[in-house]
Amino acid sequence: MIELTRDTIDYTALTESVRSDQAGAVVLFLGTVREMTAGRQTAALDYDAYPEMALAKLAELETEARDRWPIIEVAMIHRIGHLELGEVSVAVAVSTPHRPDAFEAARHLIDRLKEIVPIWKKENFTDGTTEWVHPGIEPESGETGKLATD
Amino acid sequence: MKLDVRLFAQARDLAGAEHISVELPASSTVADLRATLAAQCPQLGPLTPNLLIAIGTDYASNETMLSPDADIACFPPVSGG
């Protein structure tokens, strides 16, 4: 199951959706909005996406992971829009027969998601400033664009 | 040929538009599109060298040929998660 949503992510339901009698292991990864980034305080994040391409890339990642690990079920959901501190921005759930594969596959999926899926976050700092996070590009303020989630 | 380019994230904010229309000769490449975007939209400024170009739902390299009916998007490095 692959989805972009503007609603709160129900990660309990997402986790249940990958459970199976064939699985001995289920791993859930959540990305959440963190308060402090490089000494600056985050109030909220705004996520933007190119939806058609983001869904296509997520599907590619699922195929890539299924080729590599004995995945029984996988579910990935990413939130877009405005997220307050502490909210869940992304969830990845994977089930496999044994735990090493579930951990590795979940780690791979979230790492690749952050590299290739066209989704962007904009920081809303508590000092009232905002800043797009675009890795490799220096923000105009001169602060390095560190990520305010994992 | 006239191409419609979708913009996202800071590229959209700096350009002040969700789409930009670009005129290019037939048999132009993504590299030609980059040069034209930089000239036509100088407000993209520091983003320009790092912009990613997608055709359809795939990332395109500078050598990729453009066609008039292609779905083209232009955006800065991604930061989901």
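E64(A) is partly exposed, with a relative accessible area of 27%. This residue belongs to a predicted model. In the model, E64(A) pairs with R112(A) in a salt bridge, with the closest N and O atoms 3.0 Å apart. That pair ties helix α2 of chain A to helix α3 of chain A, across 48 residues of sequence. The points below start with this pair, then move to the helices, other salt bridges and the contact between the chains.

**The E64(A) pair**

- Side chains of opposite charge can pair when their charged atoms come close.
- R112(A), the partner of E64(A), has a relative accessible area of 23%.
- R112(A) therefore counts as partly exposed, since that class runs between 20% and 50%.

- Helix α2 of chain A covers residues 51–68, which is 18 residues.
- At 1.5 Å a residue, α2(A) should span 26 Å, and its end C-alpha atoms are 26 Å apart, so the two values agree.
- Buried residues of α2(A) include M53(A), A54(A), K57(A) and L58(A). L61(A), E62(A) and A65(A) are buried in α2(A) too.
- An α-helix has 3.6 residues a turn, so residues three or four places apart point the same way.
- Among the buried residues of α3(A) are A102(A), H108(A), L109(A), L113(A) and K114(A).
- What covers the buried residues of α3(A)? The cover includes β2, α2, β5 and β7 of chain A, together with β4 of chain B.

**Other salt bridges**

- Over all chains, the count is 13 salt bridges.
- R40(A) and E131(A) form one of them, with the closest N and O atoms 3.1 Å apart.
- R40(A) sits in strand β4 of chain A and E131(A) in strand β9 of chain A, 91 residues apart.
- Are R40(A) and E131(A) buried or exposed? Both are buried.
- R79(A) and E87(A) form another salt bridge, at 3.1 Å between the closest N and O atoms.
- R79(A) is buried, at 7% relative accessible area, whereas E87(A) is partly exposed, at 22%.
- Shared partners join the salt bridges of R40(A), D127(A) and E131(A) into one network.

- The size of an interface is often given as the accessible area lost when the parts come together.
- Between chain B and chain A, about 2200 Å² is buried, and carbon and sulfur atoms give 57% of that area.
- On the chain B side, V78(B), S79(B) and G81(B) lose the most area to chain A, together 29% of what that side buries.
- In residues, 21 of chain B are in contact with 30 of chain A.
- Three salt bridges run between chain B and chain A. One of them joins the side chains of R6(B) and E52(A), at 3.2 Å from N to O.
- The two chains also have 18 residue pairs in polar contact.
- Elements giving two or more residues to the chain B side are α1, β4 and β5 of chain B. The largest share, four residues, comes from α1(B).
- That side has 10 nonpolar, seven polar and four charged residues.

**A closer look at D58(B)**

- D58(B) lies in strand β4 of chain B and is partly exposed, at 40% relative accessible area.
- Which residues does D58(B) contact, leaving aside its neighbours within four places in sequence? They are M53(A), K57(A), E60(A) and I53(B).
- The side chains of D58(B) and K57(A) are joined by a polar contact of 3.2 Å.

Key
Residues numbered from 1 in each chain as written. Chains lettered and ligands numbered in written order. Predicted model: local features only at pLDDT ≥ 70, side-chain atom pairs only at ≥ 80, totals over all residues. Heavy atoms only, no water. Contact = heavy atoms within 4.5 Å. Buried area = accessible area lost by both parts, 1.4 Å probe. Salt bridge = Lys/Arg side-chain N within 4 Å of Asp/Glu carboxyl O. Polar contact = N/O pair within 3.5 Å; in protein donor to acceptor, adjacent residues only side chain to side chain. Nonpolar A, V, L, I, M, F, W, Y, C, P; charged D, E, K, R; others polar. Buried < 20%, exposed > 50% of the residue type's maximum accessible area, 1.4 Å probe, protein only. Expected span 1.5 Å × (residues − 1).
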